[in-house]
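Work through the exercises below with the model open. Each task is followed by a stepwise solution.

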Amino acid sequence: MPYRSSLSPGGRIRLARGASPWLLPTMAAAAVTLVKARRSGAWAAAAVPTTALAAGMLWFFRDPERELGEGRVLSPADGVVQSIMPWPDGRTRVAIFMSPLNVHVNRAPVAGTVASVEHIPGGYVPAFDKESENNERVVWRFDSELGDLEMVQIAGAVARRIVPYVPQGCKVEQGDRVGLIRFGSRVDVYLPEGVEPAVEVGQHTTAGVTRLDRD
């Protein structure tokens, strides 16, 4: 069955799937300390950091609706273009770094069929470090009108879990939500041979909106 996501503008902000293991304990802790804060100054002091942490988690795991951009290949991630590198096989790798302040839900860069979803174990060095190429990752391959397109979700120093939303064989539309990386991390897109990048190093990208390819 195809996996669909609403991209209608002006919709309500939703929370990312896969947030519960982090979000529920912090929300529960905040609720308990706030209730007990009415009876004790010590609990009132404890309520400040727990409430701040819960608010931070809500912000981090936000998953806003987006109005779909135009282009053959759209950015799968919110973040900053970290590097653009030609690859030996003729493709071009566009690496997008996501800080903890970015939305961490990733979207399909193209429409097509998920040809494969492969988890590769690895390390957890900071995602902006060159050695992050050996980090824990999930490699996606999409069978699209442009041919085979590869996207790689890379865990960072804090991100220890990548949560795919859709399985191999699933049909997706461009901009559909396909997965989540918890906390700071990186997403690479390999533009097919002959497809020139439309972004520059240092440019900010928005998942499902920013065009990566040039006509």
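**Exercise 1.** Which side chain makes a polar contact with the side chain of Asn106? Then place Asn106 in its surroundings.

*Solution.* Keep in mind that this is a predicted model.
- Step 1: Find the partner. The side chain of Gln153 is in polar contact with that of Asn106, at 2.8 Å.
- Step 2: Look for backbone atoms. A polar atom of the Asn106 side chain lies 3.5 Å from the backbone oxygen of Pro76.
- Step 3: Locate Asn106. It belongs to strand 5 (residues 105-107).
- Step 4: Judge exposure. The cut-off for buried is under 20% relative accessible area. Asn106 has 0%, so it is buried.

**Exercise 2.** Which residues of the largest nonpolar core touch the most other members?

*Solution.* 
- Step 1: Take the core of 34 residues. Trp140, Phe142, Val166 and Val172 touch the most other members.
- Step 2: Trace the elements. Those giving two or more residues include strand 7 (137-144) and strand 8 (147-155).
- Step 3: Inspect Val172. Its contacts beyond four places in sequence include Phe142, Val166 and Val178.

**Exercise 3.** How many aromatic pairs does a search of the whole structure find? Describe them.

*Solution.* 
- Step 1: Count. There are two.
- Step 2: Take Trp87 and Tyr190. They are edge-to-face, 5.4 Å centre to centre, with 75 degrees between the planes.
- Step 3: Check separation. Trp87 sits in the loop between strand 3 and strand 4, Tyr190 in strand 12, 103 residues apart.
- Step 4: Trp87 is partly exposed at 27%. Tyr190 is buried at 7%.
- Step 5: Take Trp140 and Phe142. They are stacked, 6.0 Å centre to centre, with 5 degrees between the planes. Both are buried.

Key. Residues are numbered from 1 along each chain as its sequence is written. This is a predicted model: local features need pLDDT of at least 70, side-chain atom pairs count only at pLDDT 80 or more; totals for chains, interfaces and linings use all residues. Side-chain values use heavy atoms; hydrogens and water are left out. Helices (H or I, at least four residues) and strands (E, at least two) are DSSP runs, numbered from the N terminus. Buried means under 20% relative accessible area, exposed over 50%, partly exposed in between (1.4 Å probe, protein chains only). A polar contact is a pair of N or O atoms within 3.5 Å; within protein, one must be able to donate a hydrogen and the other to accept it, and residues adjacent in sequence count only if both atoms are side-chain atoms. A nonpolar core is a set of buried Ala, Val, Leu, Ile, Met, Phe, Trp, Tyr and Cys residues joined through side-chain atoms within 4.5 Å. Contact means heavy atoms within 4.5 Å. Rings of Phe, Tyr and Trp (its six-membered ring) pair if their centres lie within 6.5 Å; planes under 30 degrees apart count as stacked, over 60 as edge-to-face and the rest as tilted.
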